[in-house]
Amino acid sequence: MTTNPDPTYSAVTVGTFYTRHAMSLQMEQLAPSSVGMEREIREPTLNRPGLALAGFYSYFAEKRIQVFGFAEFSYLNSLDPLEAQNRCRALCERPIPCIIVARGYEPPPYLIGEAAAAGVAVFISKMVTMNFLNAATLALANDFAPTKSEYGSMVDILGVGTLVRGSSGIGKSECVLGLLERRHSLVSDDITRYRSIEGRELIGTSPDLTRHHMEVRGLGVINVMSIFGVGSVRLEKRLDLVVTLRDWQELEEVDRTGLDQEYYEILSVRIPHVTIPVRMGRDLARLVEVAALDQKLKSMGHHSALEFNERLLQIMQKKENS
Amino acid sequence: MFVKTCNRFRCEIWVEKDGERVNGKSIMGLMMLAAGLGSRLKITCEGEDETSAMDEIQKLLDRKFEED
């Protein structure tokens, strides 16, 4: 996957898909092993080629992985062997990414032959077709999810995935250290990679190279897991809150009531956002922690500021009436 | 050394390699780029002291080359 600040849509090759998911999808490749691995999977879903095998190619989903189950083989077996071979050749001659056979079924020699001739990779999965289809679709959705890198550190604060942003030197790392001390978990320091799941949520993770590491001015690069323990790191986390640290002098209007809800957008997903003014002597970690807990309350249906406002209005009403 | 130099300036400094862009003031970011000898980098300075920042960075890179 490419990783620049602009959103990217990853192209997934058959080879990449196989390397990533062979174990979880219980897949094995049929020899010859290098055939067809460079082909691209162009749509993140699967296709059962029943209609195509029957000779009907209108709207044929050739961009998708073709999955053969019992139905497909029953149909092929019902045909004259030569005809069955012709049908397989016609399918393999289309620019399909690859063929996957489910149920651990041993494909007939003519299918293997036609696939090899056309340069199409064939895999066998031991999984039952239905389960394979579900698991493979999820795997593809993940692989195809658009990704974007954000500058900022991400921490999991009691289940609230929080991205801490701010200009260099404002105190992000020290804030994160404070949060780690309070037994929260680090997802990533300085750069966090997000992928969008179906445009409704974002999952953040750290770049492979710098995972578990943090830079602290004065100390250098530290390995957070070694220092704070395994509970202090988290591989990936859904993003629930974005906090921007700003120098208090730069801020004209700080929302003192908490009634306005701001959002920060990443990959077209809007995430609740708060700005925290930074001033010497203020405990940033504590403020960020409270911001995260408040966000948790809101997501559970309790909006503290609104409830307070209601109460205030009720008291004012009572005073007027009396 | 590079990060130290960048941090002396107020402007934003970006370093880009192969389409990946990181903050020049961050050690984590630069390490992530894994830029070995001979890599091509694109450096951007944006802000108050951008020209002096760029000059200093240019000088630093020139000196390193001389040392080699």
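Four strands of chain A make an open sheet in the order β8-β12-β13-β16, with antiparallel pairing. Strands here are DSSP runs of E with at least two residues, helices are runs of H or I with at least four residues, and both are numbered from the N terminus. Two strands count as paired if DSSP finds at least two bridges between them. At the edges of this sheet stand β8 (147–151) and β16 (236–238) of chain A, each of which pairs on one side only. From one strand to the next, the twist averages 30°.

Before going further, please keep in mind that this is a predicted model: local features need pLDDT of at least 70, side-chain atom pairs count only at pLDDT 80 or more, and totals for chains, interfaces and linings use all residues. Residues are numbered from 1 along each chain as its sequence is written, while chains are lettered from A and ligands numbered from 1 in the order in which they are written.

Back in the chain A sheet, strand β13 (residues 201–205) runs antiparallel to β16(A), and three bridges join them. Among the residues to look for, A:T205 stands opposite A:E236 in β16(A).

Chain B has an open sheet too, built from three strands in the order β2-β1-β3 with antiparallel pairing. Its edges are β2 (20–23) and β3 (42–46) of chain B; each has a single partner strand, so one side of each is left without a neighbour in the sheet. The twist averages 25° from one strand to the next. Strand β1 (residues 12–17) of chain B is joined to β2(B) by four bridges, and the two run antiparallel. B:W14 stands opposite B:N23 in β2(B).

As background, strands of a sheet pair through backbone hydrogen bonds, either parallel or antiparallel.

Now for the helices of chain A. The table sets out two packed pairs; axes are lines fitted to C-alpha atoms, for helices over the stretch in contact, and angles run from 0 to 180 degrees between N-to-C directions.

| Helix pair (chain A) | Angle | Axis distance |
|---|---|---|
| α4 (residues 81–92) and α5 (residues 109–118) | about 30° | 9 Å apart |
| α7 (residues 172–181) and α9 (residues 284–299) | roughly 70° | within 8 Å |

The angle in the α4 and α5 pair makes α4(A) roughly parallel to α5(A), whereas the angle in the other pair makes α7(A) roughly perpendicular to α9(A). Angles under 35 degrees count as roughly parallel, over 145 as roughly antiparallel, 65 to 115 as roughly perpendicular and the rest as oblique.

Residues are in contact if their C-beta atoms, placed from the backbone, lie within 7 Å. On that basis, A:A84, A:Q85, A:C88, A:R89 and A:C92 in α4(A) meet A:Y110, A:L111, A:E114, A:A115 and A:A118 in α5(A). This contact consists of seven nonpolar, one polar and two charged residues. Here Ala, Val, Leu, Ile, Met, Phe, Trp, Tyr, Cys and Pro count as nonpolar, Asp, Glu, Lys and Arg as charged, and the others, Gly among them, as polar.

In the second pair, A:C175, A:G178 and A:L179 of α7(A) meet A:L284, A:A285, A:V288 and A:E289 of α9(A). By class, there are five nonpolar, one polar and one charged residues in this contact.

Chain A is divided into domain 1 (12–144) and domain 2 (147–308), with bounds from an automatic or database domain assignment. Their C-alpha centres lie 43 Å apart.

Terms used: Two residues are in contact if their C-beta atoms, placed from the backbone, lie within 7 Å.
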